[in-house]
Amino acid sequence: MASLSWDYVLKFVIIGDASTGKSSILVRLTDQRFLQNPDPTVGVEFGSKLIHIPDQNKTIKVQCWDTAGTEAFRSITRSYYRGAAGALLVFDVTSRPSFTNARSWLADVREHADPNLTCVLLANKIDLCEKDESRRQVTREEAELWAKEAGLLFLEASAKTGKNVEEAFDQAARDILQKI
Ligand code: GDP
């Protein structure tokens, strides 16, 4: 039987514009599935997963919160952010506006959570560009540059294929462990 003990519990929040794939990332992380047409009214709100960091021999329990549709109304409250050690800032690589708006999401989380929290910028839906590069609206270089300037980790990811989803939490957890 797998061990159910852990060394740290870390709260993560997933933020970004509506339809960028936040719920899908949470479902992928916790359930290893992808839903082509998720019902927006039944957004997954919360999930948890154990992540093992072998070289540090530490197991982290990631408790991850999703906005469950409230981002459309910009009504995310302080209590949502409170106590977060990490954030996944998601944009859709086929939607330029979702990248532009990432700046205000970052300002929001830095204001309402710990300003030093670890944040991963996630360029989601990269599977669409892998199929057809003309769908890409944000280059890797541009996103990487902004991430560097803003002090964010950066990955291109896909909730559909699973690419870099667990990796994003893994990198964030490692960064947080260094600060503890
Ligand atoms: P949210 O509003 O940010 O929580 O976004 P959802 O998770 O509801 O996803 C919005 C839409 O994008 C849904 O139709 C998903 O199936 C789709 N989607 C999410 N992630 C991906 C991805 O990585 N690749 C592709 N091709 N579609 C995705």
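Q: Is Asp 55 buried or exposed in this predicted model?
A: Residues are numbered from 1 along each chain as its sequence is written, and side-chain values use heavy atoms, with hydrogens and water left out. Buried means under 20% relative accessible area, exposed over 50%, and partly exposed in between, with a 1.4 Å probe and protein chains only. Because the relative accessible area of Asp 55 is 56%, this residue is exposed.

Q: With which residue does Asp 55 form a salt bridge?
A: A salt bridge is a side-chain nitrogen of Lys or Arg within 4 Å of a carboxyl oxygen of Asp or Glu. The closest N and O atoms of the pair are 3.1 Å apart, and the partner of Asp 55 is Arg 174. The pair links distant parts of the chain, 119 residues apart, with Asp 55 in the loop between strand E2 (46–53) and strand E3 (58–66), and Arg 174 in helix H7 (residues 165–179); helices (H or I, at least four residues) and strands (E, at least two) are DSSP runs, numbered from the N terminus. The partner is thus a residue of helix H7, namely Arg 174.

Q: What separates Arg 174 and Asp 170 in helix H7?
A: The side chains of Arg 174 and Asp 170 meet in a salt bridge, at 2.9 Å from N to O. Since the two are four residues apart in helix H7, their separation is about one helical turn.

Notes. This is a predicted model: local features need pLDDT of at least 70, side-chain atom pairs count only at pLDDT 80 or more; totals for chains, interfaces and linings use all residues.
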